[in-house]
Amino acid sequence: MRYECINVDLDFLSKAIRARGMSERQFAILMWGEDTHRTIKDFLRRPNTTIETAMKVCNILDISLDDFFGGSDKIGQSPHIVGNQNIVNSSVVNQDLKSLQAENKALRMVIKEKDERISDLKKVKDELGARLDMVLKLGQNSDSVK
């Protein structure tokens, strides 16, 4: 994604502040603290905004970084992204979701079948153990009879 500008657009910032129903002074207090004498014009004196500052502004004004750097007219609305790789409600995602659900169902059936097979094998093992014990007892009895 490319941004329209790398410096803060003061007109956009002023509109965003007004859209939130606050004054520039209220914004400055939230931004820099109660005892500050700074104003939004400080962004002109220091045009290179750090990501921390940008994020703080965005959190105060409830806007996205795209809005902040792009200066869109839709304050507080995230941009609509078009494309099968980006939209969660796309037909591709719904098809993938259905195929994944079907695969999960098939895997659950395989696991259930495996568990049943293990249970059957345990029963067979127990039966064979019981028969072997019986054969050993019979073998001991026949040795003692001789």
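What average pLDDT does the protein chain have, and what share of the residues score at least 70? The chain averages a pLDDT of 80, and 77% of its residues score at least 70; pLDDT is the predictor's confidence in each residue, from 0 to 100. This is a predicted model, in which local features need pLDDT of at least 70 and side-chain atom pairs count only at pLDDT 80 or more, while totals for chains, interfaces and linings use all residues. Residues are numbered from 1 along each chain as its sequence is written, and side-chain values use heavy atoms, with hydrogens and water left out.

**Figure 1. Confidence along the helices.** Helices are DSSP runs (H or I, at least four residues), numbered from the N terminus. Where pLDDT is low, the predicted coordinates should not be read in detail.

**Figure 2. The largest nonpolar core.** A nonpolar core is a set of buried Ala, Val, Leu, Ile, Met, Phe, Trp, Tyr and Cys residues joined through side-chain atoms within 4.5 Å. Buried means under 20% relative accessible area, exposed over 50%, and partly exposed in between (1.4 Å probe, protein chains only). The largest core has 19 residues, and Leu13, Phe27, Phe43, Val57, Leu61 and Phe68 have the most contacts inside it. At least two residues of this core come from each of helix H1 (10-19), H2, helix H4 (51-61) and H5. Beyond residues up to four places away in sequence, Phe43 touches Val8, Leu10, Leu13, Phe27, Trp32, Thr49, Thr53 and Val57, a contact being heavy atoms within 4.5 Å.

**Figure 3. Helix H1 and its cover.** The buried residues of H1 are Leu10, Phe12, Leu13, Ser14, Ala16 and Ile17. Their cover includes H2, H3, H4 and H5. Just after H1, Gly21 adopts a positive phi of about 75 degrees.

**Figure 4. The aromatic pair.** Rings of Phe, Tyr and Trp (its six-membered ring) pair if their centres lie within 6.5 Å; planes under 30 degrees apart count as stacked, over 60 as edge-to-face and the rest as tilted. One such pair is found in the whole structure. The ring centres of Phe27 and Trp32 are 6.4 Å apart and the planes stand at 80 degrees, so the pair is edge-to-face. Phe27 is buried, with a relative accessible area of 0%, whereas Trp32 is partly exposed at 23%.

**Figure 5. Thr36 and its surroundings.** Thr36 lies in the loop between H2 and helix H3 (42-45), and counts as buried because its relative accessibility is 9%. A polar atom of the Thr36 side chain lies 3.0 Å from the backbone nitrogen of Arg38. Leaving aside residues up to four places away in sequence, Thr36 touches Arg25, Ala28 and Ile29.

**Figure 6. Salt bridges.** A salt bridge is a side-chain nitrogen of Lys or Arg within 4 Å of a carboxyl oxygen of Asp or Glu, and the count by this rule is three. Arg38 and Asp42 meet through their side chains at 2.7 Å, N to O; Arg38 is partly exposed at 30% relative accessibility, and Asp42 is buried at 7%. In the bridge of Lys114 with Asp115, the closest N and O atoms are 2.8 Å apart. Lys114 is partly exposed, with a relative accessible area of 42%, and Asp115 is partly exposed at 41%. The side chains of Lys125 and Asp126 meet at 3.7 Å, N to O, and Lys125 is exposed at 55%.

Note on methods: A polar contact is a pair of N or O atoms within 3.5 Å; within protein, one must be able to donate a hydrogen and the other to accept it, and residues adjacent in sequence count only if both atoms are side-chain atoms.
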